[in-house]
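Welcome to this structure! Here are a few notes to read alongside it, taken point by point.

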Amino acid sequence: MNNSQRRAGSFRAVAPGRVNLIGDHTDYMGGLALPMAINLATTITATTASSVIELTSEQVDGDIHVPLPVTQPNQVTPGWGRYVAGVAAVLGSTEGFVGRVTSTLPLGSGLSSSAALEVATALALGDSGSPLEIAVHCQSAEQLASGVPCGIMDQLAIASATEGNGLLIDFSNNSVTEVPIPDTAQFWVIHSGEERQLVGSAYAERRAQAEQAAALVGPLPEADLSSINAVKDRVLRGRARHVQTECARVRLFAAALLQSDLHQCGRLMIESHTSLRDDYEVSTAKMDSLVNQLCATSGVYGARLTGAGFGGCVVALADPDIELQGLRVHPSAGAHLQWLTEDENESAQR
Ligand code: GLA
């Protein structure tokens, strides 16, 4: 997209993080997931500028200066600029912006801080596509920037979320159905204390294994469990079983949420964690012990790792009256762009 017709002025592009409530490592296999956008976000406050993107960040060291059009987004330094440059490369942007990034989202914790930065950048560059189109652009940007063959869940959740709702996403056609989160459900995000490790290489390996398994038994979300259990290779059998059973759990979880059956939601979250731990092998000892500890806490219905795994955060579903040591998260609106008046812009600079 050549965005030379873009409106000029100052703006704020806000993109929330997301927590995936259930359905991990299913998106790139055409399965199901149920994430929600959260009340922690990345914001780009900037003024349109020609032929360049310049950004400072409050959270990370190093400013970025990216001349447009971008040809090699994965060479940009510092590294966080690659996500921004990736979006500009995918959009073919020739008009950029100058400003700063602020974020209330913990970075690199499994809450999709990179996808939030991408979606905020897409809006800042004038991407006026549908939420799905924006998500497709940002997924390509993430793959270009990081080299990781990620799915589309994070970007699609962030681009299409609405306040008060989780999103049941069917990745066979990328359709999104809102599922209201009942007031009696309080989700928490708790860091395992372990930085995410090997996310790139191990993620790519899991995806390749799931694809090999699908070559044996057909599309995993609707594969027959008896054919899966007949797969000789232990690793491929586990990968296939996780995807198949996880998609079934997502369906049951959506139905349980609609009935405010939080005990059932919690049970499904625990089963999901066990499957991610044993069949998909993306958990860690620290994440397992945190999930166990949370599940033994009175008022907690269930907990599981969330996102790619290999460290980072877990998500717990609890009674709203109890306190846990972590972040209380609320189902929030998706990404949006707001143009600023001169007065608003001046106060945003302060
Ligand atoms: C990461 C990827 C997503 C998804 C999750 C695991 O967050 O970016 O596409 O595959 O891992 O569910």
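Which residues does the UniProt annotation "domain: GHMP kinase C-terminal" cover? According to that unreviewed entry, the annotation covers residues 254–320.

1. Before going further, please keep in mind that this is a predicted model, in which local features need pLDDT of at least 70 and side-chain atom pairs count only at pLDDT 80 or more, while totals for chains, interfaces and linings use all residues. Residues are numbered from 1 along each chain as its sequence is written, and side-chain values use heavy atoms, with hydrogens and water left out.

2. Back to the span 254–320: it is 49% helix and 18% strand, and its end C-alpha atoms lie 20 Å apart. Helices (H or I, at least four residues) and strands (E, at least two) are DSSP runs, numbered from the N terminus. UniProt also places "domain: Galactokinase N-terminal", again from an unreviewed entry, at residues 11–46. That stretch is 0% helix and 75% strand, with its end C-alpha atoms 6 Å apart. UniProt positions follow the numbering used here, feature names are shortened, and annotations may be inferred rather than shown by experiment.

3. How is the chain divided? It splits into domain 1 (10–178 + 332–349) and domain 2 (182–329), with bounds that come from an automatic or database domain assignment. The C-alpha centres of the two domains lie 24 Å apart. Their contact (heavy atoms within 4.5 Å) takes 31 residues from domain 1 and 42 residues from domain 2.

4. Domain 1 and domain 2 bury about 2,800 Å² between them, 71% of it on carbon and sulfur atoms. Buried area here is the accessible area (1.4 Å probe) that two parts lose on being put together, summed over both. Ile 22, His 25 and Met 29 supply 25% of the area that domain 1 buries against domain 2, more than any other three residues. The rule finds one salt bridge across this interface, a salt bridge being a side-chain nitrogen of Lys or Arg within 4 Å of a carboxyl oxygen of Asp or Glu. Asp 24 and Arg 304 meet through their side chains in a salt bridge, at 2.8 Å from N to O.

5. Some backbone details deserve a look. Most residues other than glycine have a negative phi, and most peptide bonds are trans. His 25, though not a glycine, has a positive phi of about 60 degrees; this residue sits in the loop between E1 and strand E2 (32–50) and is buried, with a relative accessible area of 4%. Ser 112 also has a positive phi, near 65 degrees, and is buried at 8% relative accessibility.

6. Finally, two cis peptide bonds. The bond from Leu 68 to Pro 69 is cis, with omega near -5 degrees, and the bond from Thr 77 to Pro 78 is cis, with omega near -10 degrees. Pro 69 lies in the loop between strand E4 (64–67) and helix H1 (81–91), and Pro 78 lies in the loop between E4 and H1.

Note on methods
Buried < 20%, exposed > 50% of the residue type's maximum accessible area, 1.4 Å probe, protein only.
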